[in-house]
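Me: I am new to this model. Please show me how to read it, feature by feature.

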Amino acid sequence: MGLYIDSADLALVEELWPTGVFRGVTTNPTILSRAGLAQDDLPELYRSLRDLGVGSIYAQVLGTETAQMLASAQRLLELGPVTVKVPASAAGLAAASTLARDGVPILLTAVYHPVQAVLARDLGLAGVAPYVGRMTDAGRPGVEAVIQMQQAIGSEPTRILAASLRSADDVARLAAAGVPDFTLGEAVARAVVEDELTARAVADFESDARAAASR
């Protein structure tokens, strides 16, 4: 299972990265905006993440037309090794197929239907990012749809990177169904590494140790 931090908040990444459980960091224009950043801030963020030892960084193209996305992708590739995120629109599919033919690692993102995952596989893309929670919010069975994707495409060469996850329970259920990769926002990332019952057990251990030492 590959876990990623879905955030452009450098302080959060600095806090979570030392746990050793995350493989990389994923961003998009919305995530950048939430961190008070714009696309022009990506070079500095990229350098900071590299300095932390983050080996796998995802950045998303801008634009609604294929030519715009291709131009944006070239600017992203100038940062260094990066997986380029491209939205699963018709224009995005055209850009993704062109970039993939040139050997660029592509993640098809903003995916809401299993058939989009099949398209990503058939185009030979590196990954596909279904928005689990947003599918559920829209009245679609998010977790079940991603399980269908996994059954339809397997994990090679196109790996599912589940996004928009609302709980550690969703991660566990999808992992049990064979979904290989997950990108986690702050709340779910913390829930994965900081279970409240584990924290309570640690506090009990310390309390019991102090009590024993004082006898």
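Reply: What follows goes from the whole chain to single residues.

Me: What should I know before I start?

Reply: This is a predicted model, where local features need pLDDT of at least 70, side-chain atom pairs count only at pLDDT 80 or more, and totals for chains, interfaces and linings use all residues. Residues are numbered from 1 along each chain as its sequence is written, and side-chain values use heavy atoms, with hydrogens and water left out.

Me: How many helices and strands are in the protein chain?

Reply: Helices (H or I, at least four residues) and strands (E, at least two) are DSSP runs, numbered from the N terminus. The protein chain has 11 helices and 8 strands.

Me: How does the radius of gyration of the protein chain agree with a compact globule?

Reply: The radius is taken over C-alpha atoms, and the globule rule is 2.2 Å times the number of residues to the power 0.38. For 215 residues, the rule gives a value near 17 Å; the protein chain has 19 Å, which agrees. Along the principal axes, its C-alpha atoms fill a box of roughly 75 × 40 × 30 Å.

Me: What share of the residues in the protein chain is buried?

Reply: Buried means under 20% relative accessible area, exposed over 50%, and partly exposed in between (1.4 Å probe, protein chains only). Here, buried residues are 44% of the 215.

Me: What share of the contacts in the protein chain joins residues 24 or more positions apart?

Reply: A contact means heavy atoms within 4.5 Å. Of the contacts with a separation of 6 or more, 53% join residues 24 or more positions apart.

Me: Which residues of α5 are buried?

Reply: An α-helix has 3.6 residues a turn, so residues three or four places apart point the same way. In α5, the buried residues are Ala91, Gly92, Leu93, Ala95, Ala96, Ser97 and Leu99. They pack against α4 (66–77), β4 (83–87), β5 (106–111) and α6 (114–122). Just after α5, glycine 103 has a positive phi of about 85 degrees.

Me: Which residue other than glycine has a positive phi near 55 degrees?

Reply: Most residues other than glycine have a negative phi. Alanine 110 has a positive value near 55 degrees. This alanine 110 lies in strand β5 and is partly exposed, at 25% relative accessible area. Serine 164 also has a positive phi, of about 55 degrees, although it is not a glycine. Serine 164 sits in the loop between β7 (159–162) and α9 (168–176). With a relative accessible area of 17%, serine 164 is buried.

Me: Is threonine 27 buried or exposed?

Reply: Threonine 27 counts as buried, at 2% relative accessibility. Its place is the loop between β2 (22–26) and α2 (29–34). Leaving out residues up to four places away in sequence, threonine 27 touches Ser7, Ala8, Leu42, Leu45, Tyr58, Ala59, Gln60 and Lys85. Threonine 27 and leucine 42 are 15 residues apart in sequence and 9.5 Å apart in space, C-alpha to C-alpha.

Me: Where does isoleucine 147 lie?

Reply: Isoleucine 147 is in helix α8 (residues 142–153). At 17% relative accessibility, isoleucine 147 counts as buried. Beyond residues up to four places away in sequence, isoleucine 147 touches Arg173, Leu174 and Ala177.
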